[in-house]
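Please read the following points alongside the coordinates. They are set out as a colleague's note, beginning with the contact between the chains.

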Amino acid sequence: MGALGLIIRREYRARVSNRSFIIMTFLSPLIVVGMIMLITYLTQLNQAGKQTIVVVDESAMFYKEFENTESIDYLDLSPAGLEVAKTEVEKNNYFGLLYIPENVKKNTSGVIFFGNEAPGISTLESIEEQIQTKITNEKLLDRGVDLDLIDEAKTLVSINIEDFQGERTSKISSWIKAGFGGGAGYLLMMFIIIYGNMVMRSVIEEKTNRIIEVIISSVKPFKLMMGKIMGTTLAGITQFMIWLIIGGGLLTFLTLYLGLDATAPNTPVGNMATTDLDKIELIVLDILNLPLLKLAGFFLVYFIGGYFLYSSIYAAIGAAVDSETDTQQFMLPIIMPLMLAIYVGFFAVIENPDGSVATIFSMIPLTSPIVMLMRIPFGVPWWQLALSVSILVASFIFTVWFGSKIYRVGILMYGKKPTYKEILKWIKY
Amino acid sequence: MTDLLVADHIHKKYGNYTALNDLSITVPKGSIFGLLGPNGAGKTTLIRIINQITMPDTGTVFLDGEPLDQKHIINIGYMPEERGLYKSMKVGEQVIYLARLKGLTKAEAKERSTYWFERLGMMSWWNKKIQELSKGQAQKVQFIVTVLHRPKLLIFDEPFSGFDPINASLIKDEILKLREEGATILFSTHRMESVEQMCDHIALMHKSNKILDGRLVDIKRAYRTNTFEIGLETANDSLSGLQLLQTEVLNSIPSNWEMHEAHFKTINENDLKIQVKIPEDLKPNELLNFLAAKGTINHFVEVVPTVNDIFIQTINAN
């Protein structure tokens, strides 16, 4: 085994046998699932308290219309009159009072909700809708229209979106794509930051341990740096693969459990999914219809490319400083483009995946790994993928060269915190 | 005797700072070569150039007659001044890893490290992590790492710093043993007593230049001053006898002999202790004859300049 192979193996082992790596690998999927469950639970908790709304309906059109829901009880106090009802509300600490005047059919602006707190938008909308429907129906009846006829004539339209390669999509699946793309992009950013930091810390460790001199009396600094970056990449890939297997297992389990046929063509989504199970089925089907393998494959490609690009910068920073606390001033050039990519991804890509902003940022090497990953679920022409990957490869070769120049000099420099200017000077040494 | 290492007119600049200025040294095969000099003299730069960690701007280093090349790394073992090992890696694993980086196969590395661990009684450390060892223990591991691949040239930068006296002498003996087995040793230090005990050759560096080099005995001979340290017994070992003798010697000593008080231990309490520097053309016998007439000589020794003296003297002169 050559020196490079030895270094890769050592670095890989050092990363993978680290306790935090093992914990991260198996705990973070649990944490993600746990977070989702917690958020769902908290959202439900927020709606849980049952509210009582007192209705004073002077028009006598509605009091039978309001149906109690999961979160709201309607209490009809119309016979008591507005003033009495108000005191009742205060006395019993009811949530609010809905007042409907007698002439509501002619002038709907008289409907008032009294309450200390404004009701939630969904509550308000549901009340409005009920009043609207009732009045509309009343008016239609007044003019002699048969309501059954209208019901029969009502049509629901859901547009199916299909691209020229025959991949069908729909509105919900657009959101799923955005979710998957965004998730992949975000994950990549986390990977770059976490594993880049690992490389940096390991460089600093060798420097502060002073083992660096022993090693580079045996191998060239460039080999050491590359071995370090590659060993850490492999550790990252290992972690990703474990997650992929866990995720794949989960998806297979869901598919089997729900008895879905993954190969079936996309069913038109938008036929109102009545039960929760139906909704989940539709979502799972949508996920299965995503180019998952392509996404995972390109995740690896962009992870390796983006990671090499950034970690050679990380390695150079690690070499330039003496301790981790000194790295702060050099972090900005790394974090900035990553943040930019995430923002561009979340705003430009999801809005318009093939727009010029999204396209340009998916070509710029510092942002392309994240932005392009977000675009992939929406379908990206092959030539754009090829161009983006080639630019990425060319620029990581450049940064690796550039980083190794700084690395070579930096690892033997002790004592003072260098400035950007000094670091640039090292390249000429 | 042929030369193992020749550094020929080495120049090295860092920006505007000259680290080595036209430096040449020659290390004979089988010798122990001391590279001396104050901090910042350029010793570490020179050592790094020999290790191919940095490249000289001009000049060539020859190992065994060949210009230095990547393939020579297996012929050199280097223990830097700032010792370092991976703290969280197991001792045995680490030694094997570093030996394999030097080009040994896994089996060779395993066999030789077992040999060395047994030789230094360290077998029980094999599965420990470096961070569990004491500093001195880690240094022994580092020593093994340096010598494991049986290099022709061993380079030690301050080899004894950090060792307790027992381990320091153990390492010293090991170094001498390695020399007997055919290795050539280059060490850089400013601990002069170890140079005195071990080195055959020295080179003295100061401010990026070599200011002195050669065989230690030759250098010492060149720096001898014909100075002697003498102890004379006094009558009845009394204070008054001492004063009497002192006056007598002072009055009768030739004027071109330099006499100073000296400090050393004898078994009597009131011996006259002096240091006398006689002109270069005189033999010590003449001094002895002069002294024998004054009283009983119980101490007579030539003051040979220590490496320390030579070091300070040459550096001040420059």
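1. The contact between the two chains draws 18 residues from chain B and 15 residues from chain A, where two residues are in contact if their C-beta atoms, placed from the backbone, lie within 7 Å. On the side of chain B that touches chain A, helix α2 (residues 91–101) of chain B gives the most, with four residues; helices here are DSSP runs of H or I with at least four residues, strands are runs of E with at least two, and both are numbered from the N terminus. That side of chain B divides into 10 nonpolar, three polar and five charged residues, with Ala, Val, Leu, Ile, Met, Phe, Trp, Tyr, Cys and Pro taken as nonpolar, Asp, Glu, Lys and Arg as charged, and the others, Gly among them, as polar.

2. This is a predicted model, in which local features need pLDDT of at least 70 and side-chain atom pairs count only at pLDDT 80 or more, whereas totals for chains, interfaces and linings use all residues. Residues are numbered from 1 along each chain as its sequence is written, and chains are lettered from A and ligands numbered from 1 in the order in which they are written.

3. In chain A, helix α11 (residues 328–351) packs on α13(A) at an angle of about 25°, with the axes 8 Å apart; axes are lines fitted to C-alpha atoms, for helices over the stretch in contact, and angles run from 0 to 180 degrees between N-to-C directions. The two helices are therefore roughly parallel, a term for angles under 35 degrees, as roughly antiparallel is for those over 145. Residues making this contact include A:Gly345 and A:Val349 of α11(A) and A:Met374 and A:Arg375 of α13(A), and by class the contact has seven nonpolar, one polar and one charged residues.

4. Helix α13 (residues 368–375) of chain A also meets helix α14 (residues 382–410) of chain A, their axes coming within 11 Å and crossing at roughly 160°, and α13(A) and α14(A) are therefore roughly antiparallel to each other. A:Ser368, A:Pro369 and A:Met372 of α13(A) make the contact with A:Ser388, A:Ile391 and A:Leu392 of α14(A), which by class comprises four nonpolar, two polar and no charged residues.

5. For chain B, the domain assignment (automatic or from a database) gives domain 1 (1–220) and domain 2 (225–301), and the C-alpha centres of these domains lie 45 Å apart.

How values were computed. Angles under 35 degrees count as roughly parallel, over 145 as roughly antiparallel, 65 to 115 as roughly perpendicular and the rest as oblique.
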